[in-house]
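Hi everyone, thanks for coming. Let me put the model up on the screen, and then we'll walk through it together.

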Amino acid sequence: MFNCPIPKSDHEKILLGHGSGGVLMHQLIEKVFKKTFENPLLAQNHDSTVLDFSGARLAVTTDSYVIHPLFFPGGDIGSLAVHGTVNDLAMSGAKPLYLTVGFILEEGFAVEDLRRIVQSMQNAAEESNIQIIAGDTKVVDRGKGDGVFINTTGIGVVEHALNISPRSVQPGDAIILSGDIGRHGIAIMAQREGLQFESTIESDSASLSAMILPLFQKKIDVHCLRDLTRGGLATALNEIAQDSGFHITIEENEIRVEEQVRGACEILGLDPLYVANEGRCIVFVPAEQAAETLSTLREHQQGRQAVAIGCVSEIQDKRVTLKSSLGTVRIIDMLSGEQLPRIC
């Protein structure tokens with residue numbers, strides 16, 4: 001029997017690839033969820049939904065965390081849940097305010113580990129200036145929950161008039177990457193598989209809100225923001241190209257990948273462009289504001305390695321291309337299957 005390495009698009013059952021952040025997940029969202037739940041607010045198609053409420057602009061997002069292992073170099077499922085939710089609010093230009101948390105616990109899970117996770121969440125919430133104001137707890141039978149799953153909902157306020165969205169992207173926009181890529185996914189894989197390196201690779205998991213909000217205080221005309229989680233940089237760029245309609249070009253030489261991460265990717269057969277991050281984002285701004293944007297991002301710990309990696313073209317073909325270090329050009333597609341399962 002012959003097997004095709006390219007996943008087919010129609011499946012009768014859910015695959016792990018449906019949670020990868022790539023093509024299969026987007027097809028599932030389009031054909032099942034969006035087709036059923038379709039409404040104007042959902043059609044914003046961004047990390048958070050921004051809505052008008054009693055004279056204020058609120059951003060709302062929800063997420064679930066099922067990572068394995070629960071504890072990893074640079075964080076754990078608790079801090080990750082807070083960082084991921086805060087970052088989704090920040091990508092809509094919102095100041096984080098409130099967080100709700102739902103725990104699904106497996107029978108037999110150690111209470112001491114739960115205490116450790118809860119304390120980590122509280123520490124991350126305090127660092128991110130967000131309050132945990134409501135929650136829920138459920139317990140499932142032994143063997144049916146993998147320890148703990150966490151669901152969050154975040155609420156923030158948008159204190160500016162910008163419409164931050166892929167549909168606001170314009171030809172000529174500069175694309176700025178906030179730091180090196182691939183560390184979170186490789187940190188998880190190394191911990192999971194017991195891989196040893198000269199020094200420990202730590203996840204980049206962090207809150208991006210304090211780095212992003214000063215852009216609005218300085219009146220920078222931010223067109224779009226996107227954090228680089230499942231599917232990595234390549235998938236995020238493809239999502240924005242699809243929604244904006246424009247061609248995106250990036251330069252390989254400008255994209256920083258730490259040597260240990262690059263080496264691990266080579267050993268594991270992974271492309272760092274598709275490896276997940278939990279503390280990195282891309283920023284689309286007019287070219288004339290790129291220098292000020294870089295300067296502002298670099299004032300924050302999470303943005304010290306910020307660099308311009310490309311631009312938006314006038315071509316309306318919804319594609320992403322990369323100019324390699326050898327001067328060749330290749331198309332960067334959306335992740336077609338899965339690289340690293342259960343990384344968030």
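Here's one to start with: over which ring does the charged end of R116 sit? It is the ring of F71, with the charge 3.8 Å from the ring's centre; I count a charge as over a ring if NZ of Lys or CZ of Arg is within 6 Å of the ring centre and within 35 degrees of the ring normal.

A word on the source. This is a predicted model, where local features need pLDDT of at least 70, side-chain atom pairs count only at pLDDT 80 or more, and totals for chains, interfaces and linings use all residues. Residues are numbered from 1 along each chain as its sequence is written, and side-chain values use heavy atoms, leaving out hydrogens and water.

Now the sheet. Five strands form an open sheet in the order β1-β2-β7-β5-β6, with mixed pairing; strands are DSSP E runs of at least two residues, helices H or I runs of at least four, numbered from the N terminus, and two strands pair if DSSP finds at least two bridges between them. At the edges stand β1 (49-53) and β6 (131-140), each with a single partner strand, so one side of each has no neighbour in the sheet. Strands β2 (56-65) and β7 (148-158) run antiparallel, joined by nine bridges. One of the partners there is N151 in β7, bridged to S64.

Last, helix α5 (209-217). Seven of its nine residues are buried, so the helix is largely enclosed by the rest of the structure; buried means under 20% relative accessible area, with a 1.4 Å probe and protein chains only. Among those buried are M211, L213 and F216. Just after α5, K219 takes a positive phi of about 60°.

Terms used
Buried means under 20% relative accessible area, exposed over 50%, partly exposed in between (1.4 Å probe, protein chains only).
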